[in-house]
Number of protein chains: 2
Amino acid sequence: MEKTLITISRQYGSDGTKVAQALADKLDVWYYNRDVLHMAAEKIGVDDLDEKSLEELNYRKSSRYVEGLSVMMGTPGHIPVYNQMFKEQSKIIRKLAGYGSGVFLGRCADYVLKDMENVYTIYLYADDEFRLKHLSEAEGREFTKSELKKEDKTRESYYNYYTGQKWGDVQNYDLAVNMTKLSPEDCADLILEYIEKRRKEK
Amino acid sequence: MEKTLITISRQYGSDGTKVAQALADKLDVWYYNRDVLHMAAEKIGVDDLDEKSLEELNYRKSSRYVEGLSVMMGTPGHIPVYNQMFKEQSKIIRKLAGYGSGVFLGRCADYVLKDMENVYTIYLYADDEFRLKHLSEAEGREFTKSELKKEDKTRESYYNYYTGQKWGDVQNYDLAVNMTKLSPEDCADLILEYIEKRRKEK
């Protein structure tokens, strides 16, 4: 098989994780998810954090307060830890993509890999109602609309900050699928059919 | 075949017309395009306009000046002609959809038909570079970026005004395909595969 790099960007609660896993299984290639975050943390020596703190550290830049504080306290040339994280993450993603085929979930991989060959960028999304139902089931409690909007905002802010692009803008992607009416399995198959067509047209 | 209603919303210059035609051919169903506009014009008695004037009349509402003027001069209960056009268009689209399967190109059909059964809403788009190349070839002259932006603005304004939704927002659609790297023929096939999966899941 020709090398295949698939990036999956997904709206929070759209069940995109299952699509990414199914794709990696079907193609029998590597699947890269938040582990990239752990690798980056290890690289910069902050790997002693628990899961929650690590996630918080990663998204921290989206707080203007912390950003301002960091700028004030930073010496010239100093890179705040959250920027170091993103930088290391990007290096790791590009390195992994160099090794061979893989499916990359989140982590702005669509942007990080955009100049490489054989990259297919996918955006998965869903209606709010679907996402709330899915998240409530996953967490075993009622997930509220305001929590959803807050999570959306965090991801949007993170993506926009690091890529200079607009989160959810379909122009950044090759294909966008609404998960509201399609199973993850069928969505993965559709993406494979899309890739096959692209290959054939080359 | 179960009744199938496909709406194709496309970014200007994305070659979406060919996809809509290919879909109608492959499914052997009716294809509805700007003719709906002519039918609406006839209905309200403005069918003596040439193609360009008709198109202008249709999009006129996007001018704040004309809109303001119309409000100023309108008597209570008076509906400006461009609103009448949209109203008639919508009625015609719903009527046609009632008859049987069909592919609907543009005319906010995604919004007009959204509460009907068996509707599949597709958004087609492409990179600016692709669109400029395609439009320049079609018109036999260099199509400029500022002309493209102006056309985008007109369509956006029209769609947003009548639907209350945001033009190009992928949340309004079931599937969105970037035409930059896919032929209209293959895109039509992908949409058919998508519809098949949706049917199977029902």
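**Between the chains**

Between chain B and chain A the count is 6 salt bridges, a salt bridge being a side-chain nitrogen of Lys or Arg within 4 Å of a carboxyl oxygen of Asp or Glu. Before going on, a word on the source: this is a predicted model, in which local features need pLDDT of at least 70 and side-chain atom pairs count only at pLDDT 80 or more, while totals for chains, interfaces and linings use all residues. Residues are numbered from 1 along each chain as its sequence is written, chains are lettered from A and ligands numbered from 1 in the order in which they are written, and side-chain values use heavy atoms, with hydrogens and water left out.

One salt bridge joins Asp186(B) to Lys200(A), where the closest N and O atoms are 2.9 Å apart. How many residues of chain B are in contact with chain A? There are 26 residues of chain B in contact with 26 residues of chain A, contact meaning heavy atoms within 4.5 Å. The area buried between chain B and chain A is about 2400 Å², and carbon and sulfur atoms give 46% of that. Buried area here is the accessible area (1.4 Å probe) that two parts lose on being put together, summed over both. Of the area that chain B buries against chain A, 24% is supplied by Gln171(B), Lys181(B) and Lys197(B), more than any other three residues.

Over all chains, a search of the whole structure finds 42 salt bridges. Within chain A, the side chains of Lys133(A) and Glu137(A) meet in a salt bridge, 3.4 Å from N to O. These residues are 4 apart in helix 7 (residues 128–139) of chain A, so about one helical turn separates Lys133(A) from Glu137(A). Helices are DSSP runs (H or I, at least four residues), numbered from the N terminus.

**Helix packing**

Now to the helices. Two packed helices are described by the angle between their axes and the distance between the axes. The axes are lines fitted to C-alpha atoms over the stretch in contact, and angles run from 0 to 180 degrees between N-to-C directions.

In chain A, helix 1 (residues 16–27) and helix 9 pack at an angle of about 55°, with their axes 8 Å apart. That makes helix 1 of chain A oblique to helix 9 of chain A; angles under 35 degrees count as roughly parallel, over 145 as roughly antiparallel, 65 to 115 as roughly perpendicular and the rest as oblique. Among the residues making this contact are Val19(A) and Leu23(A) of helix 1 of chain A, and Ala188(A) and Leu192(A) of helix 9 of chain A. By class, the contact of helix 1 of chain A with helix 9 of chain A has 9 nonpolar, no polar and 4 charged residues. Ala, Val, Leu, Ile, Met, Phe, Trp, Tyr, Cys and Pro count as nonpolar, Asp, Glu, Lys and Arg as charged, and the others, Gly among them, as polar.

Which residues does Leu192(A) touch, not counting those up to four places away in sequence? Leu192(A) touches Leu23(A), Lys26(A) and Leu27(A). Leu192(A) and Leu27(A) are 165 residues apart along the chain, and their C-alpha atoms are separated by 8.7 Å.

In chain B, the axes of helix 7 (residues 128–139) and helix 8 (residues 145–163) come within 10 Å and cross at roughly 100°. That makes helix 7 of chain B roughly perpendicular to helix 8 of chain B. Asp128(B), Arg131(B), Leu132(B) and Leu135(B) in helix 7 of chain B meet Lys145(B), Leu148(B), Lys149(B) and Asp152(B) in helix 8 of chain B.

Technical notes: Helix = DSSP H or I, 4+ residues; strand = E, 2+ residues; numbered from the N terminus.
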